[in-house]
Structures are given as structure tokens and as C-alpha cells.
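Welcome, and please have your viewer ready. We will go from stop to stop, and at each one you will hear what to select.

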Amino acid sequence: MSPELCNLAALLAQSALLAKAPNTLKAYQAENRLRKAWMAKKDLPEEEQSLLLYLAHRSQVVGSGSIAKAIAAFRMVNNNLSIFGGQLAGDLIKSMKKREIESRTQPSQISWTEVEKIVKRVDVQDPKSERNALITLISWTALLRASEAAEIKWTDLKREGDVLEIRVRHAKNDQLAQGRSTFVEYKDGTDLDILLSRWRVRCSEPAFKSDYIFFNLNNREKLSPSAISKVTKETLKNAGVEGATHHALRRGATNALRASGLSFEEVKAKGRWRSDASVARYLTDAPSAQGLHATTSTSLVKS
């Protein structure tokens with residue numbers, strides 16, 4: 001093959017990688033490193049049969065989603081699986097999903113009552129307490145993912161009247177990097193106004209000055225998504241909510257908005273989802289989701 005054709009082939013191969021979202025590409029690359037390390041340790045060739053053995057090994061410690069990711073990562077850098085290999089891999093995932101359904105618990109969601117409890121317990125003399133409460137409040141109010149909360153800068157906030165625009169520069173599904181905006185009610189004297197205004201004043205001091213709203217109090221560097229998640233989990237635990245994650249804020253706020261009367265499409269837009277299926281996974285059954293707005297609860301079963 002001539003040098004020109006080699007360059008064209010390399011361009012096509014590179015395009016297949018660059019077409020992936022950055023986070024997806026990183027996850028696939030990490031998964032391929034794990035697979036190759038295991039194969040090298042077992043002295044196995046990098047081929048389909050070895051992949052199937054690796055999947056069986058991984059299935060003992062991870063869920064079906066991780067197995068699907070391992071298969072997708074393998075396909076990114078290798079030929080597609082054979083019909084037989086694809087059937088075996090698919091059967092493995094199906095069997096794992098069946099086991100997972102049997103032991104699956106309902107995902108937790110945080111209500112406004114629990115968020116309000118955290119806000120009311122803020123120690124105004126403690127910067128950490130103020131920051132952590134604001135992370136919880138603004139994440140619940142704007143349905144922020146941990147990765148989105150970590151990237152918010154002061155310049156991403158813009159108020160017009162009673163509306164606060166929060167510019168999400170790096171949304172999870174924003175593959176075109178255009179950014180998304182979420183709008184929340186922002187009235188004077190509300191919990192969000194008081195907490196955010198107080199934090200803004202504190203961050204005007206030299207010792208707390210940072211471009212990012214949420215930062216490490218020791219070095220003023222922005223908090224990573226994992227650090228945001230850890231902060232949220234600790235904050236919720238201190239408020240008496242055990243085992244809840246940052247995602248429980250997003251799930252709880254989603255259902256609260258739906259119950260308040262927002263349409264499915266309005267909730268979808270506010271949460272910056274691309275597909276209906278993504279929103280549906282967050283919603284629980286409620287009268288408002290089915291066109292009913294009950295004001296009282298009456299049992300149909302007579303005692």
C-alpha cells in the first residue's frame with residue numbers, strides 16, 4: 001500500500017475513535033487496558049476466545065453494564081465478534097440481568113424536605129458547611145449531575161428578574177460542546193438566594209477567591225466530580241440519609257417537578273436529557289404523570 005493510502009487508512013481509523021464522546025473514549029480505553037493486562041497475565045492471545053474468557057472472569061465481580069462496556073471497547077479496536085461469540089456474550093449479559101433484577105432495589109431519591117433540612121442546619125461560621133449545603137441545594141434545584149456541578153463558574157450564573165440561568169458548559173450528553181442552560185426560580189429571600197449570596201460574599205475574600213463556585217477550601221482548585229459526589233454523600237449522611245448518592249438529588253428533583261405539574265417534555269428540557277427513555281428511568285409512578293391531580297387520598301379497600 002502506498003504512503004498516501006496508508007495515511008487515508010489511518011485517518012479512517014482515527015475518525016472511529018474521535019467520533020466517540022470524550023468520556024466514552026476514556027472509559028473504553030481504560031477497559032481495554034484492563035482486558036489486555038488480564039490476557040497478558042494469563043498468557044492468552046488478544047483474540048475473541050480470550051475476550052469471552054475475560055468476560056466470564058469479570059462477570060463474577062461487575063454488573064451487566066460493565067460487561068457490555070467491555071464488549072463495546074473490544075469492538076472499538078478489533079473486528080466485530082463472530083456470530084457464535086456474539087451469541088455467547090449476549091447470553092452472558094442476559095443471564096446477569098436476570099440475576100440483577102431479582103436483587104435490585106428501588107433507587108433512592110431525595111425530597112425537598114430533606115434538602116431543606118440540610119439548608120436550615122448550615123453553620124454560617126463554617127465555609128465547608130456553607131459550600132456543601134449550596135452544592136446540595138443548587139444540584140437539586142437545577143438537576144445537576146456531579147460532573148456538571150464541578151464545572152460551574154461564577155460567570156455561568158446570570159440573573160434576570162426572578163429567574164437564574166445556570167450555564168452548563170460540559171453536559172454529559174452535549175457531544176457538540178455547545179453548552180446547555182437550565183433556568184430556576186430565584187426570588188429575593190429564598191433559601192437559594194440567601195445561601196448563594198452569602199457564598200458569593202465569602203468567595204470575594206482573597207483566601208476564597210476562585211473562578212469555580214465549588215472548590216477545594218485548602219488550595220482553591222475546583223472539586224472533581226468524584227469529590228462532589230463524596231461531599232454530597234457525606235452531607236446527606238450527616239442529615240440522616242444513609243446510602244444516598246449525588247444522583248439521588250437529580251432523581252428526587254425530577255419526580256418533584258413532575259408532581260408539581262411540569263410536563264414530561266418540560267422536565268426533559270430542564271434536566272438536559274436527549275432521549276425520552278433517559279427521563280423515564282428517573283420517574284416513578286404518580287397520579288400527575290397520568291393526568292390526575294388528587295388532593296386527598298382515599299383507600300379503595302374497606303377495612
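The tour starts with the whole protein and then visits a few selected places.

**Before you click**

This is a predicted model, in which local features need pLDDT of at least 70 and side-chain atom pairs count only at pLDDT 80 or more, while totals for chains, interfaces and linings use all residues. Residues are numbered from 1 along each chain as its sequence is written, and side-chain values use heavy atoms, with hydrogens and water left out.

**The whole protein**

Show everything as a cartoon. Of the 303 residues, 38% count as buried. Buried means under 20% relative accessible area, exposed over 50%, and partly exposed in between (1.4 Å probe, protein chains only).

**Stop one: the start of the chain**

Select methionine 1, in the segment before helix H1 (3–18). Methionine 1 counts as exposed because its relative accessibility is 74%.

**Stop two: two loops**

Next, select aspartate 43, in the loop between helix H2 (22–41) and helix H3 (48–58). Aspartate 43 is not a glycine, yet its phi is positive, at about 60 degrees. With 68% relative accessibility, aspartate 43 counts as exposed.

Then move to leucine 143, in the loop between helix H7 (127–142) and helix H8 (146–151). Leucine 143 also has a positive phi in a residue other than glycine, near 55 degrees. Is leucine 143 buried or exposed? Leucine 143 is buried, with a relative accessible area of 0%.

**Stop three: helix H9**

Finally, select residues 191–202, which form helix H9. Its 12 residues should span 16 Å at 1.5 Å a residue, and the end C-alpha atoms are 17 Å apart, which agrees. The expected span is 1.5 Å times one less than the number of residues.

Which residues of H9 are buried? Show the side chains of Asp191, Leu192, Asp193, Leu195, Leu196, Trp199 and Arg202 to see them. These buried residues pack against helix H6 (112–120), H7, strand S1 (157–160), strand S2 (163–168) and strand S3 (180–185); contact means heavy atoms within 4.5 Å.

Terms used:
Helices (H or I, at least four residues) and strands (E, at least two) are DSSP runs, numbered from the N terminus.
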